Amino acid sequence: PVCNPPERFLEAFYEFDARLKSLQRYVEFGAKFVKTYLVESRRSLTREKTMGSAESGLFHEEMNLSDDTFRYYLKSSVLVQLFSLIENLFLEVAKDMAEMQKQALRLPTKPMPHFNKYVYYFENDCGLRLEIEKETWKTLDALREIRNRYVHELARDVPENIRQQLEAMTL
């Protein structure tokens with residue numbers, strides 16, 4: 001074989017697999033919850049409009065976010081987690097590669113996203129050629145933007161081009 005990695009090398013992949021499966025369960029249960037919540041919310045709003053006062057109905061309507069908002073929150077939170085899982089997998093593999101080469105992990109110091117630093121490390125320090133298609137890079141950039149907005153700028157809206165990329169992704 002070209003490379004005979006130590007047993008520990010595979011741990012990053014096992015961990016990634018386990019976390020990805022947990023994320024899948026989160027998607028499934030989250031989608032069920034959102035669907036149930038929206039049905040109950042609409043039912044409650046309809047009941048309030050027909051039986052309650054006008055002010056009460058308006059107040060109740062204000063309490064309910066739109067269907068799109070709840071679906072967006074679920075989808076974007078899942079995508080944020082997914083990006084973090086992928087980024088963490090690349091970090092763990094980079095650490096293991098450095099250990100196998102008996103070197104310290106040296107990532108570029110120039111400003112660039114962490115994920116890009118790992119790719120750079122694999123290609124330049126490890127001699128691996130990662131062929132990442134342009135559309136995949138766009139998806140990764142959109143995921144990074146979503147994640148960074150969640151972490152740093154939660155109150156701001158996501159730009160339209162990123163929102164379109166997010167909408168194109170399926171769970």
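## Aromatic pairs

Six aromatic pairs turn up in this structure; rings of Phe, Tyr and Trp (its six-membered ring) pair if their centres lie within 6.5 Å, and planes under 30 degrees apart are called stacked, over 60 edge-to-face and the rest tilted. Take Phe-90 and Phe-115: the ring centres are 4.6 Å apart and the planes sit at 40°, so this pair is tilted. It ties together distant parts of the chain, with Phe-90 in helix H3 (residues 67-100) and Phe-115 in helix H4 (residues 114-124), 25 residues apart. Helices here are DSSP runs (H or I, at least four residues), numbered from the N terminus.

This is a predicted model, where local features need pLDDT of at least 70, side-chain atom pairs count only at pLDDT 80 or more, and totals for chains, interfaces and linings use all residues. Residues are numbered from 1 along each chain as its sequence is written, and side-chain values use heavy atoms, with hydrogens and water left out.

## Around Phe-115

Is Phe-115 buried or exposed? It counts as buried, because its relative accessibility is 2%; the cut-offs are under 20% relative accessible area for buried, over 50% for exposed and partly exposed in between (1.4 Å probe, protein chains only). Phe-90 is also buried, at 18%.

Phe-115 has another ring partner in Trp-137, and that pair is edge-to-face, with 5.8 Å centre to centre and 75° between the planes. Again distant parts of the chain are linked: Phe-115 in helix H4 and Trp-137 in helix H5 (residues 134-152), 22 residues apart. Trp-137 is partly exposed, as its relative accessible area is 24%. Leaving aside neighbours within four places in sequence, the contacts of Phe-115 (heavy atoms within 4.5 Å) include Ile-86, Glu-87, Ile-132, Leu-140 and Arg-144.

## Cluster and core

Zooming out, Phe-83, Phe-90, Phe-115, Tyr-121, Phe-122 and Trp-137 make up one aromatic cluster.

The largest nonpolar core has 27 residues, and the members touching the most others are Phe-90, Val-93, Met-97, Phe-115, Tyr-121 and Phe-122. Such a core is a set of buried Ala, Val, Leu, Ile, Met, Phe, Trp, Tyr and Cys residues joined through side-chain atoms within 4.5 Å.

Key:
Helix = DSSP H or I, 4+ residues; strand = E, 2+ residues; numbered from the N terminus.
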